[in-house]
Amino acid sequence: DRNRLSKLPREIGQLARLKQLHIVENELTSLPDSIGQLKSLTKLHLRKNKIDQLSTAIGGCFKLSVLDVSVNRLITLPSEIQSLPLSELHAEANQLLREKPVTSEQVQEVFLLKELSARVVLRRLKERSLQMTSALISSDLRQA
């Protein structure tokens, strides 16, 4: 944190076992596409940078559960984040929070940030509901 980094090297994608990446209070304006090669990454903290666009390659971070892009210059989020197993999405103090719709990289998809967050929450609730239902059925079968 606070290293005045303005760019991440493309080689960051070679850190296959990296689980957490904290690049807070720096000068980053973007992330390299190789970020999507970080298959073990679970937490990505990019708070207080100058990022104006997230790479669609972020969709390759299949284990990403925490994404903090608060206090940046984002006006859009890539639609690929919908497929991530996010339990936390922090995007405060960006252009996203204006009342204008947030447009994803795919022009035909338009989301308000609240809608995007709600989709993540609803997906989590649906998954938990299915798990609970399965557990109840298994319990009932054992008792029968």
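Biologist: Where is Leu-64 found?
Modeller: Leu-64 is in the loop between S2 and strand S3 (66-68). Strands are DSSP runs of E, at least two residues, numbered from the N terminus. This is a predicted model, where local features need pLDDT of at least 70, side-chain atom pairs need 80 or more, and totals for chains, interfaces and linings use all residues. Residues are numbered from 1 along each chain as its sequence is written, and side-chain values use heavy atoms, without hydrogens or water.

Biologist: Is Leu-64 buried or exposed?
Modeller: Buried, because its relative accessibility is 0%. The cut-offs on relative accessible area are under 20% for buried, over 50% for exposed, and partly exposed in between (1.4 Å probe, protein chains only).

Biologist: What is Leu-64 in contact with, leaving aside neighbours within four places in sequence?
Modeller: The list includes Leu-41, Leu-44, Ile-58, Leu-84 and Leu-86. Contact means heavy atoms within 4.5 Å.

Biologist: New topic. How many salt bridges are there?
Modeller: Two. The rule is a side-chain nitrogen of Lys or Arg within 4 Å of a carboxyl oxygen of Asp or Glu.

Biologist: Which residue does Lys-50 pair with?
Modeller: Glu-27, with the closest N and O atoms 2.7 Å apart. Lys-50 is in the loop between S2 and S3 and Glu-27 in the loop between S1 and S2, so the bridge ties together parts 23 residues apart in sequence. Lys-50 is partly exposed at 30%, and Glu-27 is partly exposed at 33%.

Biologist: Which residue does Arg-47 meet in a salt bridge?
Modeller: Asp-68, at 2.8 Å from N to O. That pair links distant parts of the chain, 21 residues apart: Arg-47 in the loop between S2 and S3, Asp-68 in strand S3.

Biologist: Is Asp-68 buried or exposed?
Modeller: Asp-68 is buried, at 6%, whereas Arg-47 is partly exposed, at 30%.

Biologist: What about Asn-26: what does its side chain reach?
Modeller: The backbone nitrogen of Arg-4, at 2.8 Å. Asn-26 is in the loop between strand S1 (20-22) and strand S2 (43-45), and is buried at 4%.

Biologist: Last one. What is the phi of Lys-48?
Modeller: About 60°, positive although Lys-48 is not a glycine. Lys-48 sits in the loop between S2 and S3. Val-71 also has a positive phi, near 55°. Val-71 lies in the loop between S3 and strand S4 (88-90).

Definitions and conventions. Helices (H or I, at least four residues) and strands (E, at least two) are DSSP runs, numbered from the N terminus. A polar contact is a pair of N or O atoms within 3.5 Å; within protein, one must be able to donate a hydrogen and the other to accept it, and residues adjacent in sequence count only if both atoms are side-chain atoms.
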